[in-house]
Amino acid sequence: MLLEIYSDGSGNTFGSDGGYGWRLIVDGVFHSEGSGYLSSATNNVAELTAAIKGLEAATAYLNSSAVTSSLGHSVVLISDSQLVLGYANGAYKCKALHLSTLYIQLRQLYKAINATTRWVKGHSGDENNEKCDQLAMKYRDWE
């Protein structure tokens with residue numbers, strides 16, 4: 001079984017309203033999605049939150065009664081944010097104090113389900129990445 005978690009966030013350098021979106025794809029078929037509002041969110045906060053929420057959804061799916069424990073699985077976190085993917089897989093260390101709590105949460109969830117990462121170019125036509133972008137953008141304050 002292959003679980004793909006797509007995530008995207010939308011924030012502002014000045015920390016105004018932001019949003020996040022994620023999608024869970026199971027064996028190539030859409031399973032679920034989620035999004036939400038973030039107050040005072042920089043883009044990095046929004047991106048990290050999206051990945052965390054997606055990983056939480058994947059964890060819940062793996063722990064559900066719908067999944068037979070004898071089945072093997074692989075989990076892939078997919079994002080257009082190099083920072084999110086680098087934080088998740090340990091390639092980057094978090095030096096930003098305001099991101100440290102999110103960094104720790106992300107690493108714990110990522111490691112707990114033995115996930116891997118895959119980068120996708122943003123705004124390149126990838127259906128799931130585009131949908132996550134739309135989910136995140138509906139919450140962002142453009143003023």
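The paragraphs that follow describe the sheet, the helices, the nonpolar cores and a few single residues. The model is predicted.

Start with the sheet. It is an open sheet of five strands in the order β3-β2-β1-β4-β5, and its pairing is mixed. Strands β3 (29-38) and β5 (116-119) stand at the edges with a single partner strand each, so one side of each has no neighbour in the sheet. From one strand to the next, the twist averages 20 degrees.

Strand β1 runs antiparallel to β2 (residues 18-26), and eight bridges join the two. One example is Ser-10, whose bridge partner in β2 is Gly-19. Helix α4 (residues 127-137) packs on the sheet and touches β1, β2 and β3; the angle between its direction and that of β2 is about 150 degrees.

Asp-8 lies in strand β1 (residues 2-10). Is Asp-8 buried or exposed? Its relative accessibility is 2%, and the cut-off for buried is under 20%, so Asp-8 counts as buried. Beyond its neighbours within four places in sequence, Asp-8 is in contact with several residues, including Tyr-20, Glu-47, Asp-80, Asn-129 and Asp-133. Tyr-20, one of these contacts, lies in strand β2. Tyr-20 has a relative accessibility of 10% and therefore counts as buried too. Between Tyr-20 and Tyr-92 there are 72 residues of separation in sequence and 22 Å in space, taken from C-alpha to C-alpha.

Next comes helix α3 (residues 100-112). Its 13 residues should span 18 Å at 1.5 Å a residue, and its end C-alpha atoms are 18 Å apart, so the two values agree. Which residues of α3 are buried? They are Leu-102, Tyr-103, Leu-106, Arg-107, Leu-109 and Tyr-110. An α-helix has 3.6 residues a turn, so residues three or four places apart point the same way. The buried residues of α3 pack against α1 (43-63), β4 (74-79), α2 (82-89) and β5. Just after α3, Asn-114 has a positive phi of about 55 degrees.

Helix α3 also takes part in the structure's one aromatic pair. Tyr-87 belongs to helix α2 and Tyr-103 to helix α3, so the pair ties together parts that are 16 residues apart in sequence. Both tyrosines, Tyr-87 and Tyr-103, are buried.

Now to the nonpolar cores. The largest one has 33 residues, and those with the most contacts inside it are Leu-3, Leu-24, Leu-55, Leu-77 and Leu-106. The elements giving two or more residues to this core are β1, β2, α1, β4, α2 and α3. Its largest share, 11 residues, comes from α1. Leu-55 touches Ile-5, Leu-77, Leu-106, Leu-109, Tyr-110 and Ile-113, leaving out residues up to four places away in sequence. Another core lies apart from the largest one; it has six residues, among them Tyr-6, Ile-25, Val-76 and Val-120.

Finally, turn to two loop residues. Most residues other than glycine have a negative phi. Ser-40 is not a glycine, yet its phi is positive, about 50 degrees. Ser-40 lies in the loop between β3 and α1, and its relative accessibility of 57% makes it count as exposed. His-123 also has a positive phi, near 55 degrees, and is a residue other than glycine. His-123 lies in the loop between β5 and α4. With a relative accessible area of 60%, His-123 is exposed.

Notes: Residues numbered from 1 in each chain as written. Predicted model: local features only at pLDDT ≥ 70, side-chain atom pairs only at ≥ 80, totals over all residues. Heavy atoms only, no water. Helix = DSSP H or I, 4+ residues; strand = E, 2+ residues; numbered from the N terminus. Buried < 20%, exposed > 50% of the residue type's maximum accessible area, 1.4 Å probe, protein only. Contact = heavy atoms within 4.5 Å. Pairing = 2+ DSSP bridges. Axes fitted to C-alpha atoms, helices over the stretch in contact; angles between N-to-C directions. Expected span 1.5 Å × (residues − 1). Core = buried A, V, L, I, M, F, W, Y, C linked by side-chain atoms within 4.5 Å. Phe/Tyr/Trp six-rings, centres within 6.5 Å; stacked < 30°, edge-to-face > 60°.
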